[in-house]
Amino acid sequence: MTVEVALAVMAGARVEYLTVCDGDDQSTGLITLVRLAVLRDSSAYTDRIRLRDILDGPLPSPGGRSGVSEYGPVPGVPALAC
């Protein structure tokens with residue numbers, strides 16, 4: 001998924017961050033709206049940048065604001081495959 005698509009999904013869902021999942025629905029990281037907006041406004045931005053290239057790193061431990069619990073995604077928090 002590209003940055004532009006992620007920004008559109010986030011705007012539609014009115015969320016500040018997304019949990020990014022791989023093809024096996026395993027969480028691979030977190031993307032924030034602020035980080036995407038800064039990237040889009042930078043000189044390094046191209047329309048080919050994908051979420052997997054800019055992940056914020058591994059998810060925090062279960063129970064944090066990540067939208068992922070020890071049992072998997074939390075309902076109501078968007079999770080996207082990239």
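## Val-5 and the basis of the report

At 41% relative accessibility, Val-5 counts as partly exposed; by relative accessible area, buried means under 20%, exposed over 50% and partly exposed in between, computed with a 1.4 Å probe on protein chains only. Val-5 is found in helix α1. Its C-alpha atom and that of Asp-47, 42 residues apart along the chain, are separated by 10.0 Å.

This is a predicted model, in which local features need pLDDT of at least 70 and side-chain atom pairs count only at pLDDT 80 or more, while totals for chains, interfaces and linings use all residues. Residues are numbered from 1 along each chain as its sequence is written, and side-chain values use heavy atoms, with hydrogens and water left out.

## Overall composition

The protein has two helices and five strands. Helices (H or I, at least four residues) and strands (E, at least two) are DSSP runs, numbered from the N terminus. From the N terminus on, the order of elements is α-β-β-α-β-β-β.

Of the 82 residues of the protein, 32% count as buried. Contact here means heavy atoms within 4.5 Å. Among contacts between residues at least 6 apart in sequence, 58% join residues at least 24 apart.

Helix α1 covers residues 3-13, and within it Val-3, Ala-6, Leu-7 and Met-10 are buried. These residues lie on the same side of α1 because they cover an arc of only 100° around the axis, the arc being that of the directions from the helix axis to the C-beta atoms. On the other side of α1, Ala-8 and Gly-12 are exposed. The cover over the buried residues of α1 includes β1 (17-21), β2 (27-32) and α2.

## The N-terminal end

Met-1 is found in the segment before α1. This residue is buried, with a relative accessible area of 18%. Between the C-alpha atoms of Met-1 and Leu-51 the separation is 6.0 Å, although the two residues are 50 apart along the chain.

Val-3 lies in helix α1 and is buried, with a relative accessible area of 1%. The C-alpha atoms of Val-3 and Leu-51, 48 residues apart along the chain, are separated by 6.2 Å. Not counting residues up to four places away in sequence, Val-3 touches Leu-36, Leu-39, Tyr-45, Ile-49 and Ile-54.

## Packing of α1 against α2

Two packed helices are described by the angle between their axes and the distance between the axes. The axes of α1 and α2 come within 10 Å and cross at roughly 140°. Axes are lines fitted to C-alpha atoms, for helices over the stretch in contact, and angles run from 0 to 180 degrees between N-to-C directions. The two helices are therefore oblique to each other: angles under 35 degrees count as roughly parallel, over 145 as roughly antiparallel, 65 to 115 as roughly perpendicular and the rest as oblique. The crossing of α1 and α2 is left-handed, a term for a near helix turned anticlockwise from the far one by less than a right angle, with clockwise giving right-handed.

From α1, Val-3, Glu-4, Ala-6, Leu-7 and Met-10 meet Leu-33, Leu-36, Ala-37, Leu-39 and Arg-40 of α2. By class, this contact has eight nonpolar, no polar and two charged residues. Ala, Val, Leu, Ile, Met, Phe, Trp, Tyr, Cys and Pro count as nonpolar, Asp, Glu, Lys and Arg as charged, and the others, Gly among them, as polar.

## Leu-39 in helix α2

Leu-39 belongs to helix α2 (residues 33-40). At 17% relative accessibility, Leu-39 counts as buried. Leaving aside neighbours within four places in sequence, Leu-39 is in contact with Val-3, Tyr-45, Ile-49 and Ile-54. The C-alpha atoms of Leu-39 and Ile-49 are separated by 9.6 Å, with the residues ten apart along the chain.

Most residues other than glycine have a negative phi. Just after α1, Arg-14 takes a positive phi of about 55°. Arg-14 is found in the loop between α1 and β1 and is exposed, with a relative accessible area of 77%.

Asp-25 also has a positive phi, near 60°, in a residue other than glycine. Asp-25 lies in the loop between β1 and β2. With a relative accessible area of 58%, Asp-25 is exposed.
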